[in-house]
Amino acid sequence: MKSKPGPKDKTTNHQPPTTSHGERSEAPSPRPTVAVFKFASCDGCQLSLLDAEDELLGVAQALDIVYFPEATSIMLKGPYDIGLVEGSITTHHDAERIQQVRRQCRTLVTIGACATSGGIQALRNWKDVGAFVRMVYANPDFIRTLKMSTPVAEHVPVDFELRGCPINKHQLIELIGAMLAGRKPNIPTYSVCLECKRRANVCVAVARGDACMGPVTQAGCGAICPSFDRGCYGCFGPMESTNTASLTEQFRILGRSDDDIVRAFRSYSAWAWQFRQAGEECEKS
Amino acid sequence: MSAKAATGNSRSIKVDYLTRVEGEGSIQVKLKGDQVQDVQLQIFEPPRLFEAFLRGRHYLEVPDMVARICGICPIAYQMSAVHALERILDITVDPAVRLLRRLIYLGEWIESHALHVFMLHAPDFLGYPDAIRMAVEHRELVELALRLKKIGNQLMIVLGGREIHPISVTVGGFHKVPTKADLRALVDDLSWARDTSIAAVRIVAGLEFPEFEQDYEFVSLSHPDEYPLTEGRLVSNRGLDIDASEFGDQFMEQHVKYSNALQCRLRERSAYLVGPLARFNLNFDKLPEAAQQVARECDVVPPCLNPFRGIVVRAVELVFACEEALRLIAQYEPPAAPRVEAPVRAGIGHAATEAPRGVLYHRYEIDERGLILNARIVPPTAQNQKRIEDDLWHFVPQLTALPLDKITAKCEQAVRNYDPCISCATHFVKVERVP
């Protein structure tokens with residue numbers, strides 16, 4: 001099947017692999033049901049679905065969006081065929097809620113750096129969260145938060161992780177198309193460097209000595225930072241097989257301080273183990 | 001949503017999870033007979049503690065990091081941040097850079113307003129749960145909205161690399177600037193968008209609005225020659241007229257138990273309103289002629305005190321955004337350099353810009369190495385929180401004859417007048433400096 005069904009293309013009206021179930025106020029739908037859940041996040045990854053302007057109405061024909069509070073007042077009860085989860089787990093309440101969400105979703109997909117690695121708010125994981133709360137709030141007693149911001153997969157089994165801060169909307173559409181067709185999604189796990197070469201960019205690390213995270217970062221963004229004359233800052237998180245030690249060494253050769261290097265690994269996917277380890281090793285040395 | 005009947009003649013209206021807004025919040029209204037006893041806009045969006053973890057980061061990292069506060073208005077965060085940091089470093093940007101900043105910001109306004117007007121708010125007026133279900137009977141309207149939204153996003157992609165968390169904005173300018181041809185390629189779409197926005201004003205002006213007016217204190221930026229966007233003094237219709245650096249003297253934040261977002265109030269006069277309605281009422285004469293004309297034609301002129309007409313004002317601002325983008329593109333000559341650099345020095349800088357939802361204030365203190373010592377961020381929805389509650393206090397009494405589910409739906413619609421961005425609002429404000 002096509003990965004990007006056009007809104008007016010009747011031939012892409014997919015026959016779903018499953019039927020909906022559960023008690024519903026609407027007539028039973030022959031289309032797979034989708035629910036979109038939010039945890040600690042900026043809303044950007046779920047917005048990517050609404051930002052798929054050319055595909056949205058087509059997607060909405062192929063799927064039955066029955067729970068997506070950012071976009072609809074319809075809030076049907078589960079179970080759901082597909083659950084898309086944005087955001088990280090940062091409160092006791094959310095740690096319980098993700099268990100319920102998992103039980104309700106036949107297929108559970110996490111979208112974005114928060115859900116797949118704990119996100120930027122995982123920077124608290126190296127600090128005293130109590131001190132953080134006191135810095136921000138006048139009445140820290142009112143605030144309930146966990147010491148750590150953790151990815152969904154640390155709490156429940158996840159069927160697929162879509163990376164990026166934010167995710168790439170074309171990858172999201174590809175993933176939805178693949179789920180509808182019951183095939184493996186075509187989401188590359190190689191590094192940003194491959195995308196960068198394909199765009200015929202001059203390497204900003206080699207030519208200009210920029211501290212570029214591209215060699216250890218998963219592709220998916222289209223190598224936009226090097227295309228805009230700056231080094232990649234790693235917002236898609238670690239690629240499949242990283243050599244962070246080598247990159248750390250290269251950053252040192254380029255004259256970066258250990259503090260700079262720790263910060264480079266500790267950003268949007270800081271809690272992903274490859275980046276976590278690289279930052280901590282640099283701190284130790 | 002749930003509407004719970006309670007014992008006796010007291011009733012409680014509760015929207016457990018506000019939908020078609022960005023982020024997680026709920027509203028609770030307690031009624032005794034026809035009297036409102038309590039209103040709470042509760043924000044349970046989990047704290048993400050941005051102001052805390054920004055400490056110790058390098059100032060050049062700030063524009064990319066604060067973008068992550070909000071996926072709907074990342075440019076607003078980048079703009080307030082770079083303007084505040086440039087004040088510390090005493091950087092004056094190239095006029096062409098200033099132009100490009102306005103242009104990318106307008107892209108965000110177009111995207112955000114098109115999303116809210118047609119996809120989040122219009123379904124309330126037309127009686128649908130969402131834009132997708134609305135498309136079954138109003139396909140053309142939804143397709144028009146999606147195209148408008150895409151044109152705003154396209155502007156952000158050309159200037160910033162992508163529409164969510166763009167990567168080109170930096171202190172001193174941009175990492176890379178577009179060519180004239182890059183921008184000229186957008187002109188046809190933007191011309192269509194301008195004409196469509198004018199038509200959209202007429203469409204939404206024809207919706208049915210509840211009779212409801214409030215005596216608001218409106219707060220927005222004000223610039224001598226421009227409709228407010230990136231620069232200007234903070235003014236109000238009650239005599240406020242300050243530089244962004246005086247924000248802390250005039251405004252205060254309160255931390256209430258039921259909200260993870262601090263409520264911002266004017267020290268002397270409590271609740272106030274920021275956003276399109278405030279900008280429109282305070283700066284109508286700065287709107288381009290086409291926007292003023294269609295607003296007058298639809299009988300939406302200052303003082304516009306009905307918050308439900310905010311949907312029309314947003315559409316008028318869409319006309320402004322498209323007109324202004326076209327004007328800027330026609331003027332554009334690339335700058336000599338994409339950005340200017342300045343030596344690092346310690347200091348404090350403030351800035352306020354107009355996010356799609358209203359005034360966004362940032363304050364940073366950096367040390368001589370360029371590391372952040374303190375950050376303070378006051379988003380528009382934190383400022384509107386109290387005003388949203390006040391609207392409900394006054395609006396609910398006219399609804400008491402309705403069944404509870406209708407009251408509940410009307411309350412939700414009243415909250416959506418503000419296009420609240422709860423993800424933003426939960427990135428609070430620091431109250432005391434901790435040494």
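Strand 12 of chain B is mostly covered, with 7 of its 9 residues buried. Buried here means 20 or more other C-beta atoms within 10 Å of a residue's own; exposed means 12 or fewer, and partly exposed lies in between, with C-beta atoms placed from the backbone. Helices (H or I, at least four residues) and strands (E, at least two) are DSSP runs, numbered from the N terminus.

This is a predicted model: local features need pLDDT of at least 70, side-chain atom pairs count only at pLDDT 80 or more, and totals for chains, interfaces and linings use all residues. Residues are numbered from 1 along each chain as its sequence is written, while chains are lettered from A and ligands numbered from 1 in the order in which they are written.

A hairpin of 2 residues links strand 12 of chain B to strand 13 of chain B. The two strands, with strand 13 spanning residues 358-366, pair in the antiparallel sense over 9 bridges. Pairing requires that DSSP find at least two bridges between the strands. Gly347(B) stands opposite Ile366(B) in strand 13 of chain B, and Ala352(B) stands opposite Tyr361(B).

## The sheet in chain B

Axes are lines fitted to C-alpha atoms, for helices over the stretch in contact; angles run from 0 to 180 degrees between N-to-C directions.

## Helix 13 against helix 14

Helix 13 of chain B also meets helix 14 (residues 404-416) of chain B: their axes come within 10 Å and cross at roughly 145°. The crossing is right-handed. The handedness is right if the near helix is turned clockwise from the far one by less than a right angle, and left if anticlockwise.

From helix 13 of chain B come Ile388(B), Asp391(B), Leu392(B) and Phe395(B); from helix 14 of chain B come Cys411(B), Ala414(B) and Val415(B). By class, this contact has 6 nonpolar, no polar and 1 charged residues. Ala, Val, Leu, Ile, Met, Phe, Trp, Tyr, Cys and Pro count as nonpolar, Asp, Glu, Lys and Arg as charged, and the others, Gly among them, as polar.

## Strands 10 and 11

Side chains alternate along strand 10 (residues 251-254) of chain B. Strand 10 of chain B pairs with strand 11 (residues 263-266) of chain B in the antiparallel sense, over 4 bridges. In that pairing Gln254(B) stands opposite Gln263(B).

## Chain B overall

Chain B has 15 helices and 14 strands. Its C-alpha atoms fill a box of roughly 70 × 55 × 35 Å along the principal axes. With 435 residues, a compact globule would have a radius of gyration near 22 Å; chain B has 21 Å, which agrees. The radius is taken over C-alpha atoms, and the globule rule is 2.2 Å times the number of residues to the power 0.38.

Buried residues make up 58% of the 435 residues in chain B. Among contacts between residues at least 6 apart in sequence, 72% join residues at least 24 apart. A contact means C-beta atoms, placed from the backbone, within 7 Å.

## The interface

In all, 47 residues of chain A are in contact with 51 residues of chain B. On the chain A side, helix 1 (44-51), helix 2 (56-62), helix 5 (129-136) and helix 9 (224-227) each give two or more residues. Helix 1 of chain A gives the most, with 6 residues. By class, the chain A side has 27 nonpolar, 9 polar and 11 charged residues.

## Backbone exceptions

Most residues other than glycine have a negative phi, and most peptide bonds are trans. Asp43(A) has a positive phi of about 80°. Asp43(A) is in the loop between strand 1 (33-38) and helix 1 of chain A, and counts as buried with 25 C-beta neighbours inside 10 Å. Ala223(A) has a positive phi of about 50°. Ala223(A) lies in the loop between helix 8 (204-208) and helix 9 of chain A.

A cis peptide bond joins Cys165(A) and Pro166(A), with omega about 5°. Another cis peptide bond joins Pro302(B) and Pro303(B), with omega about -5°.

Technical notes:
Contact = placed C-beta atoms within 7 Å.
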